[in-house]
Amino acid sequence: MKKLVSILLTLALVVTLIPASLGTAVSTAFAASANHFVFPNEQYSPTSARITNSERVTLEGTLNGVNGNSISYSVYKLNKNPDPTATDKYLVDQNDKREGQTANIMINGSKIQLYNLQLYPGLNQVTFKGLQGMSDVYDSIFIEYRNGPTMYDMSVSLDGNVYNLKEDESTIVYSDASQGKNR
């Protein structure tokens, strides 16, 4: 009986040493929140990604039981899956990814700062990897980088009337001289 228990415990230990993902594919099944790398100003779902118009950002957060000497990150550009029936709603752009990066990471106790993180235009998945005990742990955040011109607080002025243009509404612009006239 002792030998059987010993074999089962040994087998259990060996199984825990096998990485959860043996391949290099990036999972597009996303957690709703962080477990190991907590960035309170960031989003953990691609549908609610933080939007920025800066190509480089700085991230600040905390580590939850992760060894600070083992941390790396990867940046992946995501594209919407053209197949609406697919399980994975986003696909990694194989031409736009940087994996296993360790530059610009500052650890102070349980605090983590990542300086000058370079983003790709569009939706970015930033995946952090570290060791918690003997196991690899991962968390991903999502940032959308819009590298085009940004317009805001737009208005139209016509014959002394000012009309504010709203993003989610139509605005009808008319002048007093044309009001009530039919073509």
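These are my notebook entries on what I looked up in this structure.

**Entry 1: the model and its confidence**

I began by noting that this is a predicted model, and I therefore looked up the confidence before anything else. The mean pLDDT of the protein is 83, and 77% of its residues reach 70 or more. Over residues 19-29 the pLDDT falls below 50, and I noted that this stretch has 7 contacts in the model beyond near neighbours in sequence.

**Entry 2: the protein as a whole**

I then looked up the make-up of the protein, which has 183 residues, and I found 1 helix and 11 strands in it. Buried residues make up 27% of the protein, while its accessible surface comes to about 12,700 Å², of which carbon and sulfur atoms hold 51%. When I took the contacts with a separation of 6 or more, I found that 59% of them are between residues 24 or more positions apart.

**Entry 3: the sheet of four strands**

Next I followed an open sheet of 4 strands, whose order is β1-β3-β7-β6 and whose pairing is antiparallel. Its edge strands are β1 and β6 (105-108), each of which pairs on one side only. Strand β3, residues 56-63, is joined to strand β7, residues 111-118, by 6 bridges, and within this antiparallel pair I picked out L59, whose bridge partner in β7 is L114.

**Entry 4: the hairpin of β6 and β7**

On the other pairing of β7 that I looked up, I found 4 bridges to β6, again in the antiparallel sense. N108 has K111 of β7 as its bridge partner. The two strands β6 and β7 form a hairpin with 2 residues between them, and in the turn G109 has a positive phi of about 70°.

**Entry 5: H36**

Last, I turned to H36, which lies in the loop between α1 (2-17) and β1 (37-38). Is H36 buried or exposed? I count H36 as buried because its relative accessible area is 16%, which is under the cut-off of 20%. I also asked which residues H36 touches once those up to four places away in sequence are set aside. H36 touches T62, L63, N64 and V66, and also Q132, V137, Y138 and D139.

Key
Residues numbered from 1 in each chain as written. Predicted model: local features only at pLDDT ≥ 70, side-chain atom pairs only at ≥ 80, totals over all residues. Heavy atoms only, no water. Buried < 20%, exposed > 50% of the residue type's maximum accessible area, 1.4 Å probe, protein only. Contact = heavy atoms within 4.5 Å. Pairing = 2+ DSSP bridges. Areas by Shrake-Rupley, 256 points an atom, 1.4 Å probe, with all protein chains shown as cover. pLDDT = per-residue confidence, 0-100.
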